[in-house]
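Thanks for coming. I have one structure today, and I will keep it short. Please look at the sequence and the model first.

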Amino acid sequence: MESGANPLYRCSNCRNPLALVEDLLSKNYLAKSGKAYMFQHAMNVVLGPKYDKQLITGGYTIAGIFCSKCGEELGWKYVQAYDMKNRFKEGKFILEEIKMFQKY
């Protein structure tokens, strides 16, 4: 996989691969640090405990996601949305822009 065939987003702290460019769904999210991206899948991440949180768009059960190599907090995974119009987010990953970089 390291052959450079697929562009990747990597952890800005340790360069661990986190997500493929083709799994990027949106760049229109906000996190604590600012801009964040939504991905269909994320790799090399560890999920923290689930908890309920009120976000800008409604109430959710989310779990923090952390780099499996260095432990850096990267964002969160939507576990459950309490509003029907936000159900499409369930199972998706939000990665903070400042915590990753794109590598070709």
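Which residues lie nearest the centre of the largest pocket? This is a predicted model, and in it those residues are Leu30, Ala31, Leu55, Trp76 and Tyr78. They belong to a lining of 18 residues. Strands S3 (24-31), S5 (45-55), S6 (58-67) and S7 (73-81) each give two or more residues to that lining. The pocket volume comes out at about 340 Å³. Sorted by class, the lining has nine nonpolar residues, four polar and five charged.

Now the fold. The protein has nine strands and zero helices, so there is no helix to point at on this slide. Along the sequence the pattern reads β-β-β-β-β-β-β-β-β.

Take strand S1, residues 8-11. S1 runs antiparallel to S2, residues 17-20, and three bridges join the two. They form a hairpin with five residues between them. Arg15, in the turn, has a positive phi of about 70°. S1 is also joined to S9, residues 100-103, by four bridges, again antiparallel. Leu8 shows both pairings: it stands opposite Leu20 in S2, and its bridge partner in S9 is Lys103.

Next, overall dimensions. The C-alpha atoms fill a box of roughly 40 × 25 × 20 Å along the principal axes. The radius of gyration is 13 Å, which agrees with the value near 13 Å for a compact globule, because the chain has 104 residues. Of those 104 residues, 41% are buried. Among contacts between residues at least 6 apart in sequence, 43% join residues at least 24 apart.

That is what I have.

Technical notes
Residues numbered from 1 in each chain as written. Predicted model: local features only at pLDDT ≥ 70, side-chain atom pairs only at ≥ 80, totals over all residues. Heavy atoms only, no water. 1 Å grid on protein atoms, 1.4 Å probe; cavity = no way out; pocket = protein on both sides within 12 Å on 5 of 7 lines; lining within 4 Å. Points joined across faces, edges and corners; volume = space filled by probe spheres on them. Nonpolar A, V, L, I, M, F, W, Y, C, P; charged D, E, K, R; others polar. Pairing = 2+ DSSP bridges. Rg over C-alpha atoms; globule rule 2.2 N^0.38 Å. Buried < 20%, exposed > 50% of the residue type's maximum accessible area, 1.4 Å probe, protein only. Contact = heavy atoms within 4.5 Å.
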